[in-house]
Amino acid sequence: MNKFTLLNLQYPYDALEPYIDSKTMEIHHQKHHQAYIDKLNAALEKYPEFFEKSIEDILKDLNSVPEDVRTAVRNHGGGHYNHLLFWNFLRPFDPLKNLPSGKINEAINSFFGNFESFKEKFKNTGLNQFGSGWVWLVKDKDELKIISTPNQDSPISQNLYPLLGIDVWEHAYYLKYQNRRMDYLGACFNVINWDEVEKRFLENK
Ligand code: MN
């Protein structure tokens, strides 16, 4: 039986400076993400058969999770999965890779008009998510959509495939940006891993 565990990031905590500061990354990964994992493991202790599944498969079918732990799995399992994605949606700033290219660029232009319109809509959706949550670019069958989710609800539980997601919980930005969520969202656009976004776009059929 393998409980869920915290993976290392693919880059150092200070790699996203100055856009996302080192202290925020360290606390976010070591404390917040770890806490979701610990509480997910605790919730599933009574039902160890779930440790055989991937977190993605569990979240895709929350109704199969016993009712007494379903809310805990939705919240903490969602927290685990969303953060797993999030760390890979980010990478150090690279001026040559700071915009989408290839097929994902074509798809963004086709659904949102152009990159600037996409970026404005994405940032505004994140800004307008009331309270804690996430802003996402998702694939809904053959369409791209921008949505937000509250708390740690994951698009995967709504049968939507996440291509990009940015955490808009205050813990993701408060140390550096305080209440300025829009500044944080704008800064994130310097460290988005568009190769990862395109990889997910191409692998989801
Ligand atoms: Mn978070």
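Start by selecting the two domains in separate colours and look at where they meet: 21 residues of domain 1 are in contact with 23 residues of domain 2. Bear in mind throughout the tour that this is a predicted model. To make the two selections, take residues 21–88 for domain 1 and residues 95–203 for domain 2, as the domain assignment of the chain gives them.

Next, show the surface of both domains. The size of an interface is often given as the accessible area lost when the parts come together. Here domain 1 and domain 2 bury about 1700 Å² between them, and 57% of that area lies on carbon and sulfur atoms. Now select Asn 82, Phe 86 and Asn 88, the residues of domain 1 that lose the most area to domain 2, together accounting for 29% of what that side buries.

Then display the side chains of Arg 74 and Asp 153, which meet in a salt bridge with 2.8 Å from N to O. Across the interface of the two domains the rule finds 1 salt bridge, while 10 residue pairs, both at pLDDT 80 or more, are in polar contact between domain 1 and domain 2.

Finally, switch to a cartoon view and select α1 (22–43), α2 (55–60) and α3 (67–89), each of which supplies at least two residues of the side of domain 1 that touches domain 2. The largest share of this side, 10 residues, comes from α3. Coloured by class, the side of domain 1 that touches domain 2 shows 7 nonpolar, 9 polar and 5 charged residues.

Definitions and conventions:
Residues are numbered from 1 along each chain as its sequence is written. This is a predicted model: local features need pLDDT of at least 70, side-chain atom pairs count only at pLDDT 80 or more; totals for chains, interfaces and linings use all residues. Side-chain values use heavy atoms; hydrogens and water are left out. Domain bounds come from an automatic or database domain assignment. Contact means heavy atoms within 4.5 Å. Buried area is the accessible area (1.4 Å probe) that two parts lose on being put together, summed over both. A salt bridge is a side-chain nitrogen of Lys or Arg within 4 Å of a carboxyl oxygen of Asp or Glu. A polar contact is a pair of N or O atoms within 3.5 Å; within protein, one must be able to donate a hydrogen and the other to accept it, and residues adjacent in sequence count only if both atoms are side-chain atoms. Helices (H or I, at least four residues) and strands (E, at least two) are DSSP runs, numbered from the N terminus. Ala, Val, Leu, Ile, Met, Phe, Trp, Tyr, Cys and Pro count as nonpolar, Asp, Glu, Lys and Arg as charged, and the others, Gly among them, as polar.
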